[in-house]
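Work through the exercises below with the structure in view. Try each task before reading its solution.

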Amino acid sequence: MTFEKVRVDRTSITFEVNGAEIEATPKPGQCLRTLLREHEHFEVKKGCDTGDCGACTVQVDGTPVHSCIYPAFRAADTQITTAAGLGQPGHLAPVQQRFVDAAGFQCGFCTPGMVVTAAAIEADAGTNPADLPRLLKGNLCRCTGYRSILDAITGQHTPVEGSCHVAPEHEQAEASSLGPVRTTGRPAPHSNSAGLAPTGPVPTGESGFRASGLVGTSPGAIAGERVVSGLEPYTLDVAIPGLLHLAVLGSPHAHARIRSLDLAKAAALPGVHRVLTHADSPATLFSTARHESRFDDPDDTLVFDATLRFRGQRVAAVVADSVAVAEAACRLIEVEYDLLEAVFDPKLATEPGAPLVHGDKDPVISRLAEPGRNLVAELHGEYGDVEAGLAKATTIVSGSWHTQRISHTHLETHATIGWLEQGRLNLRTSSQVPFLVQKEICRLFDLDPAGVRVFTARVGGGFGGKQELLTEDLVTLAVLKTGRPVQYEFTRTDELTIAPVRHPMMLDVTLGATANGRLTALKLGVLADTGAYGNHAPGVMFHGTSESVALYNVPNKRVDAQSVYTNNPPSGAFRGYGLGQIIFAIECALDELARELHVDPFELRRLNSVQPGDPLVVTHEEGPDLIFGSYGLDQCLDLAEAALERGNGTDVPAGPQWRVGTGMASSMIATTPPRGHRSQASVQLLPGGRYLVRVGTTEFGNGTTTVHGQIAATALHTSVDRIDLVHSDTDAAGYDSGAFGSAGVVVAGKAVLAAASALAETLGSAAASFSGQSDPTWLLERDGLYASEPAPSAGSATSMPSKLPGQGTDGLHPVVSLNPGSMESFVALDELAAWAATNDVDLTAVRREDGAVRSLAFNVHAFRVAVNTDTGEVRILQSIQAADAGFVMNPEQCRGQIEGGVAQALGTALFEEVVLDGAGAVTTRVLRNYHVPQLVDLPVTEVYFAQSHDVLGPFGAKSMSESTYNPVAPALANAVRDAIGIRPTELPMSRDRIWRLLHG
């Protein structure tokens, strides 16, 4: 058979985008997504480029399509509508406004595509609400858990107080699908004796109190209108003239040494500017993991290494005019490899004679436990005498558990754009830790920090995956070598194959207890596979074995933990940071113990959990940096148990093949990372009575930007709409360790509160100087300062109220902070700002927080499930989480964080797994083969807050972004065990695994 070359003319086409005509000439094979972005329609996002996530959704002649798989030439003579075409800030479409009102997003990267799909659903008058799970199957959200998205689409707002599901009147006798929420700091209206808001409809209109945005209320996200219209910029949503693109040639081998590289053909390809290899790499070892102390992680990585330790590791990189040219050039690079023996089983990795992954490393220089045995880190220690404790036990249970690799699947992939500006290196990057990236880039390339700026736009999700340095080093090298702007963007396949995953672990637990349920001994064995590099390996191992073990009062404990190298893809930081894996094993073992003892699982936790005053013990008593700043575990157990007993009215599926069970699990987590987490904030008065808050932490869906605005507004007696924020920029904000360890509120938020409170005092002094009246007390209000009698009121700038700021004694209305009859004079903030500028008076306050002392947060999850014994399907009938979040700064946002954490944990428990072939190659290389939960997969989770007030957090708040994830998988496993009588010990608990348990 012969083939003729066919000449294809590149034909110009014309189409409309949001009413504006565009003439373009698509490239052969080009998709509509890239064509639209070439014309700066950055509201069209890239999440997968395989038609699986929906982030790129646009309407073509009114029909929603995934523009990443829609051929660009087919756009000819069509009308295309993007999220920005539906409506823009100040003029939102009704569906966009509902997404704002219902808090229907967190990171917001999926939102423009989600809104476009929702608008098409709304336009179809015949849509049956029951069809929404099917209609939304092409739009994924990794953050929210979908409850708020469903609210936005259906036009139903589920307020945090009162009923969380306003059912039609004829259905109101039934239990709600979400259940009431118990709030902190402010009693729910008309609460019953148990402190639970009643079910039934409640008003959803905002009061002036909520609209002010003070802490304890739920104002919408500050960037909400921009997010829903697609106009909030993310990392790559910017046009850079002369931008070059970088592509990487990855290793086809799990373990090899580069013998030779022939770059001639690649370098000669038109459009190629530079080919980079290990010959261009700095010789400095580093870790891709980022922590406040860089010594927390082993130095085992080079920008380019002649030794390749996992499939996909960088061999070379091409910098070219386009991604297509760079990828074509990568295919022209000729490489000769010397293959090396590899190891893929973490158990075999530590045995004598096993291939050494980093046998060339000095254990002292690289901070490795024993590279000659592939040991990155290990912990062996005992408190008391475990064998003696087991001898005293009347009942002993033992078991082994296994947790899998999980991809973070943040919809915005890792990406960096770098350029030189007046000799300074600028890096715009999708990072949770811009200041830590700046420090390491300067160390690697011997650069002056004053000459390097690292900053982020809004970041499209992270979950720990962006606490790494994965693209910034290559972009820096490329920019320094070419002098041109360079962009490097991970594909979704990169995210699934070379980006770090959650550490898979093998876990052994032995528990002993007396007949009355008192624990006498706990023995834990951990083997963590850190993969080819040790980023986060010590931290995940030590943290994972910490609060999971310290939660229980056991007189005898032993931990033996190892984190080992293999030639598998690297592991890294993931939500929960090791606790999720180990809590899974311990909580399952406790459930089995409760069964052996015939003790209720809630009672077993009540009997053995630590309480204030108890020592926190792992292999030794924890130091004074970890304290009980508050305690709500007892309430969480009560709330979850009561909700489970109450039920939610969901019927069990019909048929004898369905078996029903219930299960629960507890968890504890420190509210910040150990050894300090630093943050600096500044607050400045601007003309017009506005305030500028500068704080270095990153917004990636955690909601810290909104909460920081609320904190500042509360301390300054103003409203959130008067607060401007600058964050996550090493040039424009003070130093911050980064958005990890759930530190955005309890560390950076404390810095904001301290700075805003200090400025409030400064403004009082400035008003006295401006007016010449120093005797009165100056009371700060929204528009200015009033001179009053010397005795300060509860709402003055010099006396912060002890109750919820901004609330009266009824908990619902603002405090009246001054007596109008005592006013002597008034100084407007605008006048004060103008006077300060003229007289060189700095109305800025700067404060720092070091996070050196940490508190503890608690979560309890419970499930009722039905399991199909014929198919292995697990159907969740009721999902409950009770959370000890301290004072809840933004109840709706905090509930969304909990729901999102539960959704991600259910993915871990039931569906998700990065699968390897046994030789280091990932087989789940595209999103459709990696089951991220869709709307149809998830129940609506009832969320309850304990009433507690933390002595460390701002206004008594605790962190809650990570902790929600940890108890979910064991609670579900315990419910499945209760249903089928067989213990699942491996995640995910997919249908096939449950079926095999049932049928041998």
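Helices (H or I, at least four residues) and strands (E, at least two) are DSSP runs, numbered from the N terminus. The model is predicted: local features need pLDDT of at least 70, side-chain atom pairs count only at pLDDT 80 or more, and totals for chains, interfaces and linings use all residues. Residues are numbered from 1 along each chain as its sequence is written, and side-chain values use heavy atoms, with hydrogens and water left out.

**Exercise 1.** Locate Thr718 and decide whether Thr718 is buried or exposed.

Step 1. Thr718 sits in the loop between helix H21 (704-715) and strand E26 (723-727).

Step 2. Buried means under 20% relative accessible area, exposed over 50%, partly exposed in between (1.4 Å probe, protein chains only).

Step 3. Thr718 has 6% relative accessibility, so Thr718 counts as buried.

**Exercise 2.** Classify the ring pair of Phe109 and Tyr234.

Step 1. Rings of Phe, Tyr and Trp (its six-membered ring) pair if their centres lie within 6.5 Å; planes under 30 degrees apart count as stacked, over 60 as edge-to-face and the rest as tilted.

Step 2. With centres 5.1 Å apart and planes at 85°, the pair of Phe109 and Tyr234 is edge-to-face.

Step 3. Both Phe109 and Tyr234 are buried.
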